[in-house]
Amino acid sequence: MPRWQDHDGSDLWAAEDEARDQIIESYRRTWEHSDAMIDELALDAPGHVPWWPEPYASTNLFAILVHVLGETNRHAGHADILREGVDGRTGMRPEHEMQIDEEARTAYCAKIEQAARSAASVEA
């Protein structure tokens with residue numbers, strides 16, 4: 001799996017030329033990769049999350065798993081992910097929010113909008 005730093009965000013939404021099987025396979029590879037890491041590493045295995053604020057950036061697998069569980073609960077439990085898409089705010093507390101690059105966000109939203117319009121124009 002690519003490192004987050006190398007990730008361009010293109011897999012956060014389905015493109016018009018992607019088949020459902022491709023999307024499902026990407027999801028399957030992601031969870032297999034995660035499962036393998038969890039199986040192979042001890043809970044206290046060190047890790048580093050560069051976008052987490054200090055002193056939390058240097059962490060361990062247990063803290064990351066708890067974080068992912070909290071994120072899953074947060075996003076699956078309500079429409080928080082939609083709010084993030086609307087107002088660009090991230091994080092549970094303002095002091096942990098990252099500054100939004102409005103120009104990049106606008107370009108990204110336009111890209112998603114174009115893909116949605118293109119997909120809507122394709123006959124089923």
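A surface patch here is made of residues with over 30% relative accessible area and no salt bridge, like charges being joined within 9 Å and nonpolar side chains (Val, Leu, Ile, Met, Phe, Trp, Tyr) within 5 Å. A salt bridge is a side-chain nitrogen of Lys or Arg within 4 Å of a carboxyl oxygen of Asp or Glu.

The model is predicted: local features need pLDDT of at least 70, side-chain atom pairs count only at pLDDT 80 or more, and totals for chains, interfaces and linings use all residues. Residues are numbered from 1 along each chain as its sequence is written, and side-chain values use heavy atoms, with hydrogens and water left out.

Colour by pLDDT, the predictor's confidence in each residue from 0 to 100. The protein chain averages 80, and 77% of residues score at least 70. Strand S2 (residues 58-60) has the highest confidence, at 96, and helix H3 (residues 80-87) the lowest, at a mean of 70. Helices (H or I, at least four residues) and strands (E, at least two) are DSSP runs, numbered from the N terminus.

Next, select Tyr27 and Trp31, both in helix H1 and 4 residues apart, about one turn. The structure holds 1 aromatic pair (ring centres within 6.5 Å; planes under 30 degrees apart are stacked, over 60 edge-to-face, the rest tilted; Trp counts by its six-membered ring). Tyr27 and Trp31 form this edge-to-face pair, 5.1 Å centre to centre with 75° between the planes. Trp31, at 35%, is partly exposed.

Finally, select Met37, Ile38 and Leu41, a nonpolar surface patch with about 230 Å² of accessible area together (Shrake-Rupley method, 1.4 Å probe, only the protein chains shown counting as cover). Leu41 sits in the loop between helix H1 (20-40) and strand S1 (46-48), and is partly exposed at 40% relative accessibility.

Definitions and conventions
Buried means under 20% relative accessible area, exposed over 50%, partly exposed in between (1.4 Å probe, protein chains only).
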